[in-house]
Amino acid sequence: MYSYQAPRRDMQFVIHEVLGCAQALAKMGRSEVDHDTINAIMEEGAKFAEGVLSPLNAEGDQTPAYWDNGVVRVPDSFKTAHQQFCSGGWSGIGADPQYGGQGLPIQARVATDEMFVSAAMAWRMCTGLTDGAMQTLISHGSAEQIQGTVPHLVSGVWTGTMCLTEPHSGTDLGLMRTRAAVDTQSPGQYRISGTKIYISWGEHELSENIVHLVLAKLPDSPAGTRGISLFLVPKKIDGQANGVRCLSVEHKMGIHGSPTCVMQFDEAKATLIGQVNGGLACMFTMMNHARLGVGLQGLGLSERAWQAASQYARDRLQGRSMTQAALPGTSADPIIVHPDVRRMLLTLRSLTEGSRLLLYYVYQLQDRELSGDSAPESTRAGEWVAFLVPIVKAFLTDSAMETTSLAIQVHGGAGFIRATGVEQYLRDAKITAIYEGTNGIQALDLVGRKLAANGGRILQSLLLELGQVLQAPCPPSLQPLATRLAELLQEWQALSVHLLQAAATNPDELGAAGADYLAFCGYTLLAWSWLRAGLVAEAALQSGQEPEFYAGKVAVARFYAQRLLPRTLAHAAAVRAGAASMMDPAGLAG
Amino acid sequence: MRKILVGIKRVVDYNVRIRVKPDNSGVVLDGVKMSVNPFDEIALEEALRIRERGEAEEIVAVSIGPDDAQQQLRTALAMGADRAILVKHDGMLEPLTVAKTLMAIVSREQPELVILGKQAIDDDNSQATQMLSALWDRPQVTCASKVEIKGNTLSVVREVDAGLETLEVDLPAVISADLRLNEPRYVKLPDIMKAKKKPLDVVEFASLNVATPGQLTATHYEPPKARAKGVMVKDVAELISALKNKGLV
Ligand SMILES: Cc1cc2nc3c(=O)[nH]c(=O)nc-3n(C[C@H](O)[C@H](O)[C@H](O)COP(=O)(O)OP(=O)(O)OC[C@H]3O[C@@H](n4cnc5c(N)ncnc54)[C@H](O)[C@@H]3O)c2cc1C
């Protein structure tokens with residue numbers, strides 16, 4: 001069993017050295033959140049993640065949440081940790097001080113967010129979903145709804161859920177059947193009836209109350225997604241039970257510590273959030289937040305996989321190096337000497353640290369977007385975030401499937417054994433490719449909506465921005481990566497034009513290309529991220545600091561360029577091959 | 001009690017595997033994570049608990065070290081110290097210099113109680129408490145595992161080889177914290193922000209006119225020898241003879 005160690009040094013590298021977050025925040029008028037403050041937050045968050053949260057991960061996996069006569073049980077330690085987390089002020093880290101929060105910008109909390117997810121993902125989902133509910137309420141709720149709930153969510157005395165999915169309505173929310181009716185007894189109130197499934201943390205005893213954000217249909221509303229409204233349904237109103245029950249808790253592949261609930265609403269009292277039939281629009285506000293949050297789960301799991309694999313590969317003695325014994329005089333070398341193990345470790349490392357570079361960059365853009373000013377950079381940042389969200393969500397979670405699988409492989413048989421603790425990462429990772437819009441839906445969002453938006457101008461401006469890094473003088477060590485990146489940026493442009501043209505005559509072309517197009521974008525964005533990181537590292541090497549750390553960065557950037565970037569060729573070729581072969585009915589007839 | 005003074009030393013974090021510089025001139029500090037000495041955290045935690053019980057009014061954290069030690073003092077302020085003093089000093093510090101410097105601060109601040117860690121995990125000298133006691137001419141108790149205040153006296157349980165020993169001393173006094181005295185709290189996020197606004201005075205070491213004895217010089221550093229592999233012995237007789245061969249019995 002591996003305990004979690006927060007990767008402070010790498011986080012500081014990304015936040016301070018690559019992204020210059022403190023300077024970016026100063027420009028946004030947040031100079032009080034300086035370099036040392038960011039580090040202090042990181043350090044105290046790390047202590048909490050390592051000391052309190054890390055043990056919960058395996059405990060939740062081995063003691064799954066279960067249904068006990070209407071009550072949902074999770075390990076006691078989950079509740080203690082929840083209380084410690086909230087009283088430590090972490091539950092309100094981003095919330096406006098007027099609701100009792102700390103109002104810290106995203107760049108100052110992204111590292112601790114990663115740590116909490118990485119240390120105990122299933123446990124963290126409860127406060128993560130609460131964050132989402134809080135943001136939706138602040139953006140769309142009435143003053144009364146906000147005053148009545150948000151301060152309780154900030155303090156963690158209440159938690160929140162998102163109730164979308166139904167048995168016959170998952171991806172296709174238009175098929176939803178949960179009904180809302182005007183409450184004839186209390187004006188301005190509604191009653192909700194129906195069944196929601198797969199509701200994470202739908203019922204539990206960590207908090208005194210739970211507020212459910214429920215999508216439902218009002219009578220006479222239009223068919224499909226334009227007829228869906230969003231409602232606030234508390235588990236208890238003034239201490240009295242509302243008509244909400246948990247019927248059962250699912251048994252599942254991973255995130256055992258997170259109760260996945262079937263929720264029954266029987267004439268439950270509710271209030272409307274936002275406009276009648278405007279439910280989906282409200283959901284879209286929190287979608288970017290929630291999808292980046294799932295990308296963060298992917299990163300958090302990759303980090304666990306990388307930590308375990310790199311540790312094991314240094315300790316496990318098997319076989320001899322083909323060139324030079326690492327431990328002469330003993331019977332075997334550590335497996336880290338073997339090229340194939342190094343392939344796996346460097347794949348793990350370049351995907352994990354590359355994911356961090358990319359995701360933290362997107363969060364930096366989001367800070368800019370949310371800064372509230374009307375500067376053109378803020379608008380542009382918002383457009384880039386919208387474009388990058390589906391890529392980050394799908395690419396980082398698909399990468400997590402690869403990294404967590406590789407971590408098991410590095411462990412050999414021990415990886416397959418439960419007590420080693422590595423197989424849990426793979427089981428936990430799978431859900432990240434499914435919820436918050438499956439990765440297939442992310443790809444559709446990218447090619448069908450984001451790519452064509454604003455006449456394709458968003459990609460244009462993003463490509464210009466990415467090309468900036470090629471203007472800097474490039475040391476020989478990074479030249480191959482820079483050359484490849486220049487080609488890839490051109491190919492990205494060409495591929496997009498090709499795809500949109502093909503789709504103009506056959507709409508199936510978009511869906512057929514989506515996953516490969518998204519993967520192409522993901523690998524290219526990581527190439528850009530690694531070039532940025534490599535340039536920073538080379539400059540630091542010149543000044544002679546921490547040679548081992550910085551030389552490591554340059555070496556991983558080179559590995560990424562030479563051993564992972566060839567994957568872009570396959571994905572581009574698949575995009576160009578088009579839909580014909582997969583839409584041929586013969587292939588799946590019968 | 002009006003005031004407690006707590007020592008806070010900046011040391012290499014306990015999780016870091018210490019490495020010696022290739023030229024044996026010291027240990028590698030470049031890029032290495034630095035933290036509050038764990039025993040000093042315990043010392044501060046005890047002071048906070050005393051204050052929270054209403055038995056002290058003010059807690060002053062003091063560090064002697066480089067400018068960067070301000071980070072550790074900010075941690076102490078975030079944990080709950082009221083204010084901090086950094087005595088800025090670069091380079092090696094020997095125990096007597098530490099004690100004399102602390103004495104200079106004690107003279108200024110006039111605390112009723114000084115709590116230090118029983119040792120710093122970098123140099124492991126474990127001498128500051130004892131030396132300060134002598135310089136100050138006040139009682140000392142080292143390795144405290146339980147502290148109780150009874151009016152003007154202090155009842156302290158300390159861990160000794162034979163078990164537990166309870167000592168009573170008159171205040172003012174200096175004590176040092178052992179591992180089991182308490183478990184330091186996690187810092188609350190809002191307190192990190194508040195700590196930025198608490199006073200932190202920087203005092204130049206030279207301005208204190210502390211005579212530096214210069215009794216110690218570090219000639220060179222080297223890592224401890226790797227442990228030799230253990231051997232299995234058949235029985236007690238073989239064990240005794242093995243120990244005899246090594247000249248250990
Ligand atoms: C552990 C867990 C926790 C969850 N937590 C929550 C929660 O808290 N709240 C909540 O509301 N929901 C939650 N969900 C539900 C989750 O969001 C859905 O499972 C997910 O959106 C997919 O819906 P579905 O399961 O109905 O799959 P389907 O929609 O049936 O999809 C099946 C497959 O078809 C593909 N597909 C479907 N439609 C299209 C299309 N138009 N084009 C291309 N491909 C398509 C999908 O990509 C997928 O591969 C959770 C699910 C799980 C398993």
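1. A word on the source before anything else. This is a predicted model, so please read every angle and distance below as a value computed from predicted coordinates.

2. Let me start with helix packing in chain A. Two packed helices are described by the angle between their axes and the distance between the axes. Helix α8 (residues 279-315) of chain A and helix α10 (residues 376-411) of chain A have axes that come within 8 Å and cross at roughly 25°. That angle is under 35 degrees, so α8(A) is roughly parallel to α10(A). The crossing of α8(A) past α10(A) is left-handed. By class, the residues in the contact of α8(A) with α10(A) are 19 nonpolar, nine polar and two charged.

3. α8(A) also packs against helix α9 (residues 339-369) of chain A, where the axes come within 9 Å and cross at roughly 150°. Because the angle is over 145 degrees, α8(A) and α9(A) count as roughly antiparallel to each other. Here too α8(A) passes its partner, α9(A), in a left-handed crossing. On the α8(A) side, the residues in contact include Leu292(A), Leu296(A), Leu299(A), Trp306(A) and Ala313(A). The α9(A) side includes Val341(A), Met344(A), Leu348(A), Leu359(A) and Tyr363(A). Among the residues of the contact of α8(A) with α9(A), 15 are nonpolar, six polar and three charged.

4. From α16(A), Ala513(A), Asp516(A), Tyr517(A), Ala519(A), Phe520(A), Tyr523(A) and Thr524(A) take part, and they meet Arg567(A), Thr568(A), His571(A), Ala572(A), Ala574(A) and Val575(A) of α18(A). The contact of α16(A) with α18(A) holds eight nonpolar, three polar and two charged residues.

5. Which residues come nearest to the ligand? Of the 19 residues around the ligand, these are Leu164(A), Gly170(A), Thr171(A), Thr438(A) and Gly440(A). Two or more residues of the shell come from each of β3 (158-163), β5 (190-200) and α13 (439-450) of chain A. The shell around the ligand has 10 nonpolar and eight polar residues, and one charged residue.

6. Moving on to the contact between the chains, 15 residues of chain B touch 16 residues of chain A. On the chain B side, the elements that give two or more residues are α2 (70-79) and α5 (189-195) of chain B. That side of chain B has seven nonpolar, three polar and five charged residues.

7. Chain B has an open sheet of nine strands, with mixed pairing and the order β9-β8-β7-β10-β6-β1-β4-β5-β11. What stands at the edges? These are β9 (163-170) and β11 (200-204) of chain B, each paired with a single strand, so one side of each lacks a neighbour in the sheet. From one strand to the next, the twist averages 30°. Within the sheet, strand β7 (residues 140-150) of chain B and strand β8 (residues 153-160) of chain B run antiparallel and are joined by six bridges. As a landmark for your viewer, Lys146(B) has Val157(B) in β8(B) as its bridge partner.

8. Finally, two backbone details deserve a look. Most residues other than glycine have a negative phi, and most peptide bonds are trans. In chain B, Leu171(B) and Pro172(B) are joined by a cis peptide bond, with omega of about -10°. Pro172(B) sits in the loop between β9 and β10 (173-177) of chain B. In chain A, Glu267(A) is not a glycine, yet its phi is positive, at about 50°. Glu267(A) belongs to strand β11 (residues 260-273) of chain A.

Conventions: Residues numbered from 1 in each chain as written. Chains lettered and ligands numbered in written order. Predicted model: local features only at pLDDT ≥ 70, side-chain atom pairs only at ≥ 80, totals over all residues. Contact = placed C-beta atoms within 7 Å. Helix = DSSP H or I, 4+ residues; strand = E, 2+ residues; numbered from the N terminus. Nonpolar A, V, L, I, M, F, W, Y, C, P; charged D, E, K, R; others polar. Near = placed C-beta within 6 Å. Pairing = 2+ DSSP bridges. Axes fitted to C-alpha atoms, helices over the stretch in contact; angles between N-to-C directions. Parallel < 35°, antiparallel > 145°, perpendicular 65-115°, else oblique. Left-handed = near helix turned anticlockwise from the far one by under 90°.
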